[in-house]
Amino acid sequence: MIASFFSTDQRGGLGNKGTLPWPHHPEDMKWFRDTTMDHIVVMGRRTWEDPKMPKPLPGRRVYVVTSTPIPGVMCLTSGNPVEDIKSIRDNWANRNSNIFIIGGSQLITDTKDLCDYAYIAHRKGAYYTDVRLDLNRYLLGMRITSSAPSQDKTINFCTYKNVDIFRPL
């Protein structure tokens with residue numbers, strides 16, 4: 001399975017000045033950790049360089065999409081992340097590993113057709129952001145399969161299934 005996994009505000013905001021624009025939320029981090037643990041995580045270089053991003057992510061195989069290799073990090077440098085992720089999927093298919101694409105916005109958008117699911121933490125309110133995703137467009141062809149609020153009701157944890165019958169596989 002391949003899935004996107006990200007948090008967003010009500011306007012599709014994802015980041016600001018190279019990091020997350022909202023305060024730390026333990027339930028959000030727990031959902032991410034529990035869902036991605038023992039699986040493969042793919043991210044862009046700017047997501048990797050976020051000062052809040054633990055390096056490496058414990059218990060996960062991490063790949064960074066970048067044009068410039070990073071010493072000591074598994075990098076996807078072909079310039080074609082869709083094909084790179086397909087290759088990872090094919091190489092790890094029999095190992096019960098899922099692939100989670102966690103950012104940035106361009107990587108999430110470019111790989112939507114590969115994704116079987118999207119795990120999205122919808123945050124209440126709007127934050128100042130300089131990185132956004134067009135949520136209406138992204139969620140076209142997706143059907144919500146589960147939704148649960150955080151205890152403080154500031155986040156809604158949603159899972160969507162990609163049901164777009166025209167997406168290439």
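Predicted model: local features only at pLDDT ≥ 70, side-chain atom pairs only at ≥ 80, totals over all residues.
Buried means under 20% relative accessible area.

**Entry 1: the Arg123 pair**

I began with the salt bridges, and a search of the whole structure turned up six. One of them joins arginine 123 to aspartate 28, with the closest N and O atoms 2.7 Å apart. This pair ties distant parts of the chain together: arginine 123 is in strand β7 (residues 117-123), aspartate 28 is in helix α1, and 95 residues separate them. Then I looked up accessibility. Arginine 123 has a relative accessible area of 5%, so it goes down as buried. Aspartate 28 comes out at 3%, so I filed that residue as buried too.

**Entry 2: the Arg167 pair**

Next up was arginine 167, which forms a salt bridge with aspartate 116, closest N and O atoms 3.2 Å apart. Here again distant parts of the chain are linked: arginine 167 sits in the segment after β10 (155-162), aspartate 116 in the loop between α4 and β7, 51 residues apart. Buried or exposed? Arginine 167 has 15% relative accessibility and therefore counts as buried. Aspartate 116, with a relative accessible area of 24%, is partly exposed.

Glutamate 83 is partly exposed at 41% relative accessibility.

**Entry 3: the largest pocket**

Over to the pockets. The largest pocket holds about 1200 Å³ of space. I counted 42 residues lining the largest pocket, and Leu20, Thr47, Met53, Ile102 and Gly103 are the closest to its centre. Which elements give two or more residues to that lining? I noted β1 (2-8), β2 (13-15), α1 (26-36), α2 (45-48), β6 (99-103) and α4 (105-110). The largest share, five residues, comes from α4. Sorted by class, the lining of the largest pocket has 19 nonpolar, 13 polar and ten charged residues.

**Entry 4: the second largest pocket**

The second largest pocket has a volume of about 210 Å³. I listed its lining as Thr109, Lys112, Leu133, Asp134, Arg137, Tyr138, Leu140, Gly141 and Asp164. By class I get three nonpolar, two polar and four charged residues for the lining of the second largest pocket.

Note on methods. Residues numbered from 1 in each chain as written. Heavy atoms only, no water. 1 Å grid on protein atoms, 1.4 Å probe; cavity = no way out; pocket = protein on both sides within 12 Å on 5 of 7 lines; lining within 4 Å. Points joined across faces, edges and corners; volume = space filled by probe spheres on them. Helix = DSSP H or I, 4+ residues; strand = E, 2+ residues; numbered from the N terminus. Nonpolar A, V, L, I, M, F, W, Y, C, P; charged D, E, K, R; others polar. Salt bridge = Lys/Arg side-chain N within 4 Å of Asp/Glu carboxyl O. Buried < 20%, exposed > 50% of the residue type's maximum accessible area, 1.4 Å probe, protein only.
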